Amino acid sequence: MKNTWLVGSIYALATIGTCTAGITGNHQLDYFCKPVLMVALSIWFYLRSRAVGDRFTLLIQAGLFFSLIGDVALMFVHKDEFNFLIGLAAFLLAQLCYAVAFADNVFSVGAMEGFLLPGIFTLVIVVYTVLFVWEILPHVDNGLTYPVIAYAIAIATMGIAAAFRYMRTYPRSFWTVFIGSMLFVASDSTLAINRFRNPFESAPLVIMSTYAAAQFLIAWGCLAHVLDPDNLRRRAALTT
């Protein structure tokens, strides 16, 4: 399970199965495939990062765990709508774990340069979030208004924290994580549109493909941060 190609293949097959289940309404296939996503990714991330584990990797692992809880809860929305609220809460916690991990990366470096691009990204994320929430709220189910607002704030915070990793980590890690964060926003935006605003047939495919790509890119990018040779040499120097 440390082999990236093996885990990637399992992850891709589980993603295809989950997308197929969503399009066809096959709940049994969904029950089998969907949990595999975060279980495989969590095991892979843990095995690859445990030798250099720290607060950053622990927070990412926690984000993956809460994402698994959210996935399982959303699998059973067709049985009880309350599961949607449970899933929303679980993913909110996942977003906060990711946001705190990214912020920890930013503050641990403490560099003062490179704020222009993150500032532009932040402005775009804030404007998009405000406009999207303003558009979607009139269509939100009764009782979900405040949870939806809280979730929108959490995922925007995660995106902003990812943006401020610019020049505070390695370029490959920054861009992989940031793109993953934006795909997470795209996935959740599509889910909200499909559920509250304008349901469309291909929504399960769009939601799950962007979600699966987002989670994999975030985990992969975070591994690139902690396993970079320069970072490993710096850790070794600090412990000798």
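1. Helix 3 and helix 8 run roughly antiparallel to each other, because their axes cross at roughly 165° and any angle over 145 degrees counts as roughly antiparallel. Do keep in mind, here and below, that this is a predicted model. The two axes come within 10 Å, and helix 3 passes helix 8 in a left-handed crossing.

2. Which residues make this contact? From helix 3 come Phe 56, Thr 57, Ile 60, Leu 64, Ser 67 and Asp 71, and they meet Tyr 211, Gln 215, Cys 222, His 225 and Val 226 of helix 8. By class, the contact of helix 3 with helix 8 holds six nonpolar residues, four polar ones and one charged.

3. Helix 3 also packs against helix 4, where the axes come within 8 Å and again cross at roughly 165°. Helix 3 and helix 4 are therefore roughly antiparallel too, and helix 3 passes helix 4 in a left-handed crossing. The contact of helix 3 with helix 4 is made up of 20 nonpolar, six polar and three charged residues.

4. On the helix 5 side you will find Leu 117, Phe 121, Ile 125, Tyr 128, Phe 132, Glu 135 and Ile 136. Their partners in helix 7 include Phe 174, Trp 175, Phe 178, Met 182 and Val 185, and also Arg 197. The contact of helix 5 with helix 7 counts 14 nonpolar residues, one polar and two charged.

5. Now for the pocket: how many residues line the largest one? The lining has 44 residues, around a volume of about 1,100 Å³. Lying nearest the centre of the largest pocket are Leu 74, Phe 84, Leu 191, Asn 194 and Ile 207.

6. Which helix gives the largest share of that lining? Helix 7 does, with 11 residues. At least two lining residues come from each of helix 1 (4-24), helix 2 (27-49), helix 3 (55-75), helix 4 (82-109), helix 5 (116-136), helix 6 (145-163), helix 7 (171-197) and helix 8 (203-227).

Technical notes. Residues are numbered from 1 along each chain as its sequence is written. This is a predicted model: local features need pLDDT of at least 70, side-chain atom pairs count only at pLDDT 80 or more; totals for chains, interfaces and linings use all residues. Side-chain values use heavy atoms; hydrogens and water are left out. On a 1 Å grid over the protein atoms alone, a cavity is a set of points where a 1.4 Å probe fits but cannot get out, and a pocket is an open set with protein on both sides within 12 Å along at least five of seven lines; lining residues have an atom within 4 Å of a point. Grid points are joined across faces, edges and corners, and a volume is the space filled by probe spheres set on the points. Helices (H or I, at least four residues) and strands (E, at least two) are DSSP runs, numbered from the N terminus. Axes are lines fitted to C-alpha atoms, for helices over the stretch in contact, and angles run from 0 to 180 degrees between N-to-C directions. Angles under 35 degrees count as roughly parallel, over 145 as roughly antiparallel, 65 to 115 as roughly perpendicular and the rest as oblique. A crossing is left-handed if the near helix is turned anticlockwise from the far one by less than a right angle, and right-handed if clockwise. Ala, Val, Leu, Ile, Met, Phe, Trp, Tyr, Cys and Pro count as nonpolar, Asp, Glu, Lys and Arg as charged, and the others, Gly among them, as polar. Contact means heavy atoms within 4.5 Å.
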